[in-house]
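Dear colleague,

I am passing this structure on to you, and below it you will find a written account of what turned up when I went through it. Please read the account with the structure open beside you.

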Amino acid sequence: MNTRMLTYTKLDSPVHRLTGFTKLVFFIIWSVTAMITYDTRCLLAMLLIGLAAFRLSKVPFRDYSFVLYLILFFFALNHLAIFIFSPLEGVRIYGTQHDIFHIAGRYTVTWEQLFYQLNIALKYTAVIPMALLFLLTTDPSEFAASLSKVGVNYRIAYSVSIALRYIPDIQRDYQNISFSAQARGLDISRKEKLPRRIKNMISILMPLILTSVERIEKISAAMELRGFGHKPSRTWYKSRPFNMLDYAALLLIVVIGVVTAMVTFYDGSRFYNPFG
Amino acid sequence: MKTPVIEFVDFTFQYHAQSRPTLHKINLTINEGEKVLIVGPSGSGKSTLAHCMNGLIPFFYTGEMSGSMKIKGKELKDQSIAGLSDTVGTVLQDPDGQFVGLTVAEDMVFKLENDAVPQAEMSDRLAAAARRVDIERYLESSPHALSGGQKQKTTLGGVLVNDVGILLFDEPLASLDPYTGNRTIELIDRIHQETGKTVVIIEHRLEEVLHRSVDRIIVVRDGQVAADLTAADLLSSNILVETGIREPLYLTALKYAGCSITPEMHPEHVDTIRLGSCIPRLQEWYKSLDNSPEQPDYPAVLELRDISFGYEKNKPILHQISLRIGQGEIVCIAGRNGAGKSTISKLICGFYRPSAGTILLNGRDIRSDSIKERADRIGFVMQNPNHMLSKTLIYDEVALGLKLRGVPEEVIRERVHEVLKVCGLYAFRSWPVSALSYGQKKRVTIASILVLSPEIIILDEPTAGQDYRHYNEMMEFLVTLNRQGITIVLITHDMHLMLEYAQRTIVLSEGIKIADDSPVRILSNSEVVEAAHLKMTSVHDLALRAGVDQPEEFVSRFIAYDRGIRGQ
């Protein structure tokens, strides 16, 4: 099992020193901005800032390499799909058509399409580093604290963090259950035909669900015994006070958001058009 | 002046799902600053009693209540779980299932966070509690990475951050090895003496708790208080035997030798009991017994040669382990948590593949056999039966393995009925699995393995969490199977189990085999006992105090004699 997949590691860097709240707010505004704009200049700037932040965080490559490859794979798949389903989307958006070469039928490669897909690629590459960075540098306990700070009810915020906490335990249960099932002859590998395989899977899921329900009952009793949920608010051991860095980061994201919006909507269209 | 802090008056409680009250007319008072032990077999109602003290009953587990139950003078029904948590601090069994924090520090302050205590004050109170339970060095560790004893300290620390008056321990020894169990009892005792808090311990392992003195012992039986006595008075009576709670082993030995136990002897502890005229009696009894027989040599059925394994590269769990299991033997594999004992069984069953070494079954290398092929010869019974049960009906559950192997329906029926009879489950064959008790479920899992007629059965902690009666039933059942020629491998740190039932014990420590000998000799070897977190038995200590020249032989003869009596 790859247990080091996208987990938080304690490091000392300016990014790690930011509070979870700052990072959460930064990440939300950043993603919304990147989703809205198709302005190539803004996206390029954001990509550069994102990469710089990554550099600043000192997170080693192996901590996220697997996920990155996975994302790149789907990224490539997505681009292929866009072209297959609407090869002339760029032409429709930019209103001109500059052909490069013709493949077959309605499939023609145009500069407009290439430019459109470049913008989409930029969107991904602007958001992905930030998403990874958020996950890799935010202490999960602080995550719950910051969710509650942005206004999420602390009971829900805590449930999220506790669910994350129990994933490894449930994985372990699953492994034990599947081992014992395999020993009794339940085959869930590809050697078995699909309907049979699904049936066998259900045989494994039943005990998994039951043991998970048991777990939940136990943990919720333990939490109630320690006074969880009886007050309208709670304090967080891991929450940290704001410092200059946080204000600076929040200021930066507001500037990025505003500037991007202004540049994007200056000429009344979300698309930056170099063909016109 | 004694101030009562917990008072039950004619208290009756019935769970909504039950047809009879679990607690019936309980009258019980616990005073401030007392240290009280509550014992009782499974199903006696002792856990229900504990749940009434912390408010889980009636606010989490609902039911009908009558009579009165007061905590610090306030009626239970007028309170809430959260309100009570300021008065009663509960340490539940199985610390693993209740950690909420990602680090020890966060887990310990959980109660304070919920009470919205400001951060600065939280740190101070955390530091004080951590010092008290001696866990300061691990505050930033993940609770799951800790040893059993440290986990227990963390949960206790999480209760001590808040200034509660009553500490309630619900089976604190259940998941601990004997050595760590002793340390926990010492810790509880120290906290009790330093803070003067009221301490209530619910446990069925009486001898282990009595490692440190308690003020009173309350025996619960069938939902009623069967006795409320000092330890000395209780141990001198017959109540424990009648209730089905195991009395300390040294007292059993003394009784066999014909001594009667009186409170004046101070029978609470083997080191302090006044033996007097019992010494010659013990010696005479010892001489009157036959020599314990030498173990015969068993032909090897399963052999591991130089097995090494690690889940991650550069982190080996097992180093060049070689061992052999004889045909028809009962062997224990012991060792502290993380020593690699469960990993060995997973390698034998083929769940993982060793990085080096060979596994031989009847002389044939089985490394290339699949999990399913191995399962036809070697059965594996997991510790938690709920991990194995996937069908609704008992018959279907037991028949599953055969059905998947394409055995004809008539043969299956015959085979399943036969196995259910052996397991004493025939009468329940058309029952739903969910209607069974924990011990019965465990039996169903064993039956579902037996039906495949394996030569070897490996059981992971077969008696964990079971009281004396169920322990006895389970083990006598395994002995019957063994007599029919099935080889049995037990993974356990239960010393009674290995002493009483195993012919041989293999001890692992940090992935290395450090001992392979008869259980009696292993438990007399202080180095091995320490490395494996075991404990010498009190019978051994008794033999030393009685001046018996060969204490090991004394233990062997005692065990043989005791087995003879209990087997009847």
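**Helix packing in chain A**

The crossing of α4(A) and α6(A) is right-handed, a term used when the near helix is turned clockwise from the far one by less than a right angle, anticlockwise being left-handed. Before going further, please note that this is a predicted model, in which local features need pLDDT of at least 70 and side-chain atom pairs count only at pLDDT 80 or more, while totals for chains, interfaces and linings use all residues. Residues are numbered from 1 along each chain as its sequence is written, and chains are lettered from A and ligands numbered from 1 in the order in which they are written.

Helix α4 (residues 65–85) and helix α6 (residues 111–137) of chain A pack with their axes 11 Å apart and at an angle of about 160°. Helices here are DSSP runs of H or I with at least four residues, strands are runs of E with at least two, and both are numbered from the N terminus. The axes are lines fitted to C-alpha atoms, for helices over the stretch in contact, and angles run from 0 to 180 degrees between N-to-C directions. That angle makes α4(A) roughly antiparallel to α6(A), the word being kept for angles over 145 degrees. From α4(A) the contact takes V67(A), I71(A), F75(A), H79(A) and I82(A), and from α6(A) it takes Q117(A), I120(A), A121(A), Y124(A), I128(A) and L132(A); two residues are in contact if their C-beta atoms, placed from the backbone, lie within 7 Å. These residues divide into 9 nonpolar, 2 polar and no charged, where Ala, Val, Leu, Ile, Met, Phe, Trp, Tyr, Cys and Pro count as nonpolar, Asp, Glu, Lys and Arg as charged, and the others, Gly among them, as polar.

A second pair, α7(A) and α8(A), packs at an angle of about 160° with axes 8 Å apart, and the two helices are therefore roughly antiparallel to each other. Here too the crossing is right-handed. The residues in this contact include F143(A) and L147(A) of α7(A), with Y158(A) and L164(A) among those of α8(A), and the contact as a whole divides into 9 nonpolar, 3 polar and no charged.

**Annotation and hairpin in chain A**

For "transmembrane region", an unreviewed UniProt entry lists residues 24–54, 66–85, 114–136 and 244–266 of chain A; the positions are in the numbering used here, feature names are shortened, and annotations may be inferred rather than shown by experiment. Residues 24–54 of chain A are 90% helix and 0% strand, with end C-alpha atoms 16 Å apart, and residues 66–85 of chain A are 100% helix and 0% strand, with end C-alpha atoms 29 Å apart.

Chain A also holds strands β1 (residues 99–104) and β2 (residues 107–110), which run antiparallel and are joined by 4 bridges; strands pair if DSSP finds at least two bridges between them. D99(A) stands opposite T110(A) in β2(A), and in this hairpin, which has 2 residues between the strands, G105(A) takes a positive phi near 55°.

**Where the chains meet**

In the interface, 40 residues of chain A are in contact with 43 residues of chain B. On the side of chain A that touches chain B, α7 (140–149), α8 (154–184) and α9 (194–225) of chain A each supply at least two residues, and the largest share, 14 residues, comes from α9(A). That side of chain A divides into 18 nonpolar, 11 polar and 11 charged residues.

**Chain B**

The unreviewed UniProt annotation "domain: ABC transporter" covers residues 6–247 and 302–535 of chain B. Residues 6–247 of chain B are 36% helix and 25% strand, with end C-alpha atoms 27 Å apart, while residues 302–535 of chain B are 36% helix and 24% strand, with end C-alpha atoms 29 Å apart.

An open sheet of 4 strands in chain B has the order β2-β1-β4-β5, with antiparallel pairing, and its edge strands, each pairing on one side only, are β2 (23–31) and β5 (74–75) of chain B. Strand β1 (residues 4–15) of chain B pairs with β2(B) over 6 bridges, and F8(B) stands opposite L28(B) in β2(B).

Two backbone details close the account. The peptide bond from I57(B) to P58(B) is cis, with omega near 5°, and P58(B) has its place in helix α2 (residues 56–59) of chain B. N362(B), a residue other than glycine, has a positive phi near 50° and is found in the loop between β14 (356–361) and β15 (364–365) of chain B.

With best wishes

Key
Angles under 35 degrees count as roughly parallel, over 145 as roughly antiparallel, 65 to 115 as roughly perpendicular and the rest as oblique.
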